[in-house]
Amino acid sequence: MPKPPVHVTITGAAGQIGYQLVFRVASGQLLGPDQPVVLRLLEIEPAMKALNGTVMELVDCAFPLLADVVTTTDVNTAFDDCSWALLVGAFPRKQGMERKDLLQTNGKIFGPQGKAIAERGHKEIRVCVVGNPANTNCLIARSAAKGVPPERFFAMTRLDDNRAKAQLALKAGMPVKDVTNLAIWGNHSATQFPDAWHAKIGGKPATEVIEDEAWLKGEFLATVQQRGAKVIEARGASSAGSAANALIDMVNSLRHPTPAGDWVSVATCSRGEYGIPEGLQFGFPVQADGKGGWKVVEGLKHDAFAQEKIAVTTKELEEERDAIKSLLGS
Ligand code: NAX
């Protein structure tokens, strides 16, 4: 007996990341090889022609799991019965635009989406925000989604996590699968703190395998923090394939139990863990139970260096929150 299809909404589906994502979701990489999906693709009017081209390609793939594709510019239609909302579309930063203006402009996108998620989504909906500034866009959507538990909202720090693991593996000359317990703390921005100090490589502390503190504190941090900008410099466009891949990884990590002793990076609604102000959408190490539940890993100790880095990224997120305070529902 085939399973009933699950509705997956992708916003900004005609964009770069959307184009990488739709085929992977339709092929079963997001929800598994026996789970039919309905794709609900939200775009703005000028992108609908390109989106229709993408839909033609989806049809041409003859994916056995793709039950239907809905394209729309209407935010309510987009989230009808949606179980997984992948919020990728956002307003890009234009030259001369202040950070505050960018936050406000995006707030006007993510607020209505949050409202529609609450009113139209499936009762078990999960929301993953990729569109930047991802943490604060997620906070806005979460606050507008009245009645949806805050723990269903996630902002993506998984690309940073994957980037950090890859850099550690390269430095250690070990396979990337041997790098575990990596955490991205804070904002998905240049202030993030990629934590190599709790990471392990081949089961040993990363700091014992890589005995080069200056590299860890300098080049490693800078490489991970600046990786997005370096990709833009090289490609003339921002990370798309790796971003879509990270989103697939993130959803799979939330759906399946985290391997014992390990954790995954995702930005969740702070409950005050590690002294982070409650309500900030903050990157933490998280363990999932495979039944839809998860918890922030507690009890990790940070030295003065890490504490200082975490304070910087916390301050940035507080400033972002303050810049869009007027958009947050009471
Ligand atoms: P693109 O500009 O290629 O695509 C964005 C798409 O969103 C466009 O097709 C646009 O028409 C659509 N859009 C704009 N407003 C919309 C609205 N109100 N409703 C629905 N769709 C709307 O950007 P792309 O490279 O795909 O990146 C998408 C977002 O991901 C950007 O904000 C980007 O900064 C962010 N990223 C986040 C990452 C993360 O790790 N969290 C990494 C990659 C990426 O930089």
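Which of the 23 residues around the ligand come nearest? They are Q16, I17, E43, V130 and N132, where a residue counts as near a molecule if one of its heavy atoms lies within 4 Å of it. This is a predicted model, so to speak: local features need pLDDT of at least 70 and side-chain atom pairs count only at pLDDT 80 or more, while totals for chains, interfaces and linings use all residues. Residues are numbered from 1 along each chain as its sequence is written, and side-chain values use heavy atoms, with hydrogens and water left out.

By class, the shell around the ligand holds twelve nonpolar, ten polar and one charged residues; here Ala, Val, Leu, Ile, Met, Phe, Trp, Tyr, Cys and Pro count as nonpolar, Asp, Glu, Lys and Arg as charged, and the others, Gly among them, as polar. Both domain 1 (6–155) and domain 2 (158–322) give at least three residues to this shell, with the domain bounds coming from an automatic or database domain assignment.

Now for the polar contacts, meaning pairs of N or O atoms within 3.5 Å. A polar side-chain atom of H188 sits 3.2 Å from an oxygen atom of the ligand. Taken alone, the ligand exposes 870 Å², and the protein buries 81% of that (accessible areas come from the Shrake-Rupley method with a 1.4 Å probe).

Two spots in the backbone also deserve a look. N132, one of the residues that come nearest to the ligand, is joined to P133 by a cis peptide bond with omega of about -5°. As for N181, its phi is near 55°, a positive value in a residue other than glycine.

How values were computed:
Polar contact = N/O pair within 3.5 Å; in protein donor to acceptor, adjacent residues only side chain to side chain.
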